[in-house]
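Thanks for passing this one along.

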Amino acid sequence: KNSIKATEKELITCSLQGKEKAALTRSQIFQIPGGKALETKVIVVLGKAGMGKSILVQKICQDWSSGELSQFEFVFWFDCKQISLPEKRYSLRDLLLEFFVKPQEGSKEIFQYILQNPAKVLLIFDGFEGLHDHENLPRCSVSQPEKALCSVKELLSGLVQKKMLNGCTLLLTARPKDKVYQFVSKVDKTIELVGFSPQQRELYITKYFEGLPYCDDALNLIKEHEYLFSHCYSPVMCRFVCFLCETVLETGDKNLPSTLTTVFLKFVQQKVMPMQTDAMALQNQESLATLARLAWHLGEKHQSALKSDLLPSKEVKEFALKYGFFLPFAFPNHSDTGEEEFGSTFSDFVIQNFLGALHLMLAEEIKDKSLTKYLSFPSKKKKPYNWLDLVPRFLAGLLFLQDDPCFCCLSNKEVKRSTKKQKTLLKYIKRLQINELCPERLLELFHCIYETQSSYLFQHVALRLKPDLSFLGVVLTPPDVHVLHSVLKRSRKEFSLDLRNSSIDIQGLKDLVGLTNVASFRASLSDTIRLWKSLEQTKDYELLRASTEKFVLDPFKAKTMKDISDLSDLVEMQEKMISCVQDATGCSSYEIPAITNLRKLEFALGPVCGLQGFLKLVEILAAFPSLQHLDLDALSENGIGDEGAESLSEVFPTLKSLETLNLSQNKITDVGAEKLATALPSLLSLKTLRLYNNSICDFGAENLAKVLPAMASLRVLDVQYNKITGVGAQQLTASLRKCPHIKNLEMWNPTIPYGVLEHLQQLDSRISV
């Protein structure tokens, strides 16, 4: 079973700007296109606690020791918990060759070789959150950083600032919410561990129970409890759920707890309470309470490890080690004595969270009314109170479990006090302005409500949700989706969901879209198409049609080539939908509403992919019959040029609803303007045409002037900041006299003499400068 912990997580995704998920090999982590060979490379691996960052680091070290990653001759791996004690000071040589590894001989020569060959060195700082207050990382100011004694933070700062070992590779692991980017000015690559897919969850569970008589029963039992199965996307949670399932099945029981709080309550009870006398029970209760207090106070300092001499008693240490709450932990050699210092660390981040919440429940000094400050949903701006971010969920769950036998056997406290605290929580949630919570706080509230399993609270929150719920750019994990689904289905309201760039998985998207009171939804095009293809394969035509009816695309902004290819896939999907609907209903035609209702399309691919992407977009523009606004004016300039303008002009006859066309800042010259002018009269609904800041000269202006009278629907023409002179301006003005329908001609150009432009404006007040 221990080998299960090292199960590889293949899905790694860039967390910035909604990049796509991609399966990477470990060697690909270090591939940085266009990186300068002589500069330090900084790679950040993000992942929630328990997602397997340390396991990934171990596997990287194992790969290197097996002869892979041959670009590195030296790999140094530091656990930030071990090296972050504020009183410790090291030189770079101490850190590498005294703390990490001690060569028996030749350490001076080895260090000189490292300094001369930094590109062959990989430095891994695992658990960046272990560097307390790292947002205030000092600048490295010492003149000889390789030799001077510095704190770890100063050393790391020197490495990042390229003042020492410039050219090495730095790999930092951190939690997604950690402020890595506040002091690392340039990150070359960011990847994020996203955990197990549903198939990988099943594989893990099957491997865990392999060879046991109830292997199949275990998998089925866990999958039946959807909330627990959703938490199995996290490797550490999956291990806890498997352990508890094993315990339950061995006793012949077929019931699993329904919440995370009850899972860990039962876990602690199974560890501590079996086969003990009354005297042992009392001693264990006292030790557990002390350990819980320790978990909380360490969490307040963003710590999970401490030295042995800071433990309250020998009994507490033995209790924690015996039942697996603690693991032995070695701190680096003391610079004075040279002796290694030993301590302990919580075996798991989730255990520390649970014990921290238990402390808030049991502590006499924490008054009922002060409990609410430990919850993570006070307002948009206020930060969560504590580093232990699962505490609010466990606390809410424990407040509603004071009668539970498992809880009672862990504590000798009175139930009445817990009841008072429960009432405090109820009053607090009643007063919450739920409509004003940001998406992250709202999800946290859902998790807390779910842990209470209170029907009243579910109903209270569900009734107060606003109908438009946006989770744009907020990562939705499988448990997030489950609690969101649980709340929404209890409401009588209809909801509109925005799930774009949320990294929601296909099953989660299917569950939310399938709710009858979800009237419409927005999601990333690629996710939506994957969902539809999945429903098509399983022949779930009813949900397929319902989800296409609910999907909203308008307005759509294309920022990458992937967006354009996704849009092409959507158009292609409509052809498949026609045959699916025909098979299911006998109807011979079907249009996806998102396609027929798209009114505004913005194109912002930039100069590198602008022309290539636009030529691909033009191929499918005819598929959008309601398109009213086509905007190609991007801050980074798309540069479609004359080729793009000509390609677009060829499809003008199909754009029967187009009212606004913005081709500003696209490097269009007279050649492109002539092609556009020839086809413009076929845009029967066009009201606004913008050609601002291109390279159109008098010949282009002349061609535009010729067709203006034929463009009966046009109201606004913008040709500012081109290269039109007084000649072209006069031709446009002359044409304007034949166009009473045009309300405004924006014509200021630096090449038109001001006196000429002023004279033309006096002739026709519709000319603006």
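1. In which sense do strand 18 and strand 19 pair, and over how many bridges? Strand 18 (residues 688-690) and strand 19 (residues 716-718) are parallel, with 3 bridges between them; strands here are DSSP E runs of at least two residues, and helices H or I runs of at least four, numbered from the N terminus. Pairing requires at least two DSSP bridges between the strands. Opposite Val716 of strand 19 stands Thr688.

2. A word on the basis. This is a predicted model, in which local features need pLDDT of at least 70 and side-chain atom pairs count only at pLDDT 80 or more, while totals for chains, interfaces and linings use all residues. Residues are numbered from 1 along each chain as its sequence is written, and side-chain values use heavy atoms, leaving out hydrogens and water.

3. The open sheet has 8 strands in the order 14-15-16-17-18-19-20-21, paired in parallel. At its edges are strand 14 (556-558) and strand 21 (767-768), each pairing on one side only.

4. Strand 6 (residues 169-174) is worth a look: 6 of its 6 residues are buried, so the rest of the structure largely encloses it. Buried means under 20% relative accessible area, exposed over 50%, and partly exposed in between, with a 1.4 Å probe and protein chains only. Thr169, Leu171 and Thr173 point one way, and Leu170, Leu172 and Ala174 the other. Strand 3 (residues 41-46) runs parallel to strand 6 and is joined to it by 6 bridges, with Val45 partnered by Thr173. Strand 5 (residues 121-126) is also parallel to strand 6, through 4 bridges, and there Ile124 has Leu171 as its bridge partner.

5. Now the charged pairs. The count comes to 16 salt bridges, taking a side-chain nitrogen of Lys or Arg within 4 Å of a carboxyl oxygen of Asp or Glu. Asp505 pairs with Arg201, the closest N and O atoms being 3.8 Å apart. Asp505 lies in the loop between strand 12 (495-498) and helix 20 (506-513) and Arg201 in helix 6 (residues 198-208), so the pair ties together parts 304 residues apart in sequence. Both Asp505 and Arg201 are buried.

6. Arg393 and Glu444 form another salt bridge, at 3.2 Å from N to O. Arg393 sits in helix 14 (residues 391-399) and Glu444 in helix 17 (residues 439-452), so this pair ties together parts 51 residues apart in sequence. Arg393 is buried at 15% relative accessible area, and Glu444 is buried at 9%.

7. Finally, Arg690, Asp718 and Glu746 are linked in a salt-bridge network.
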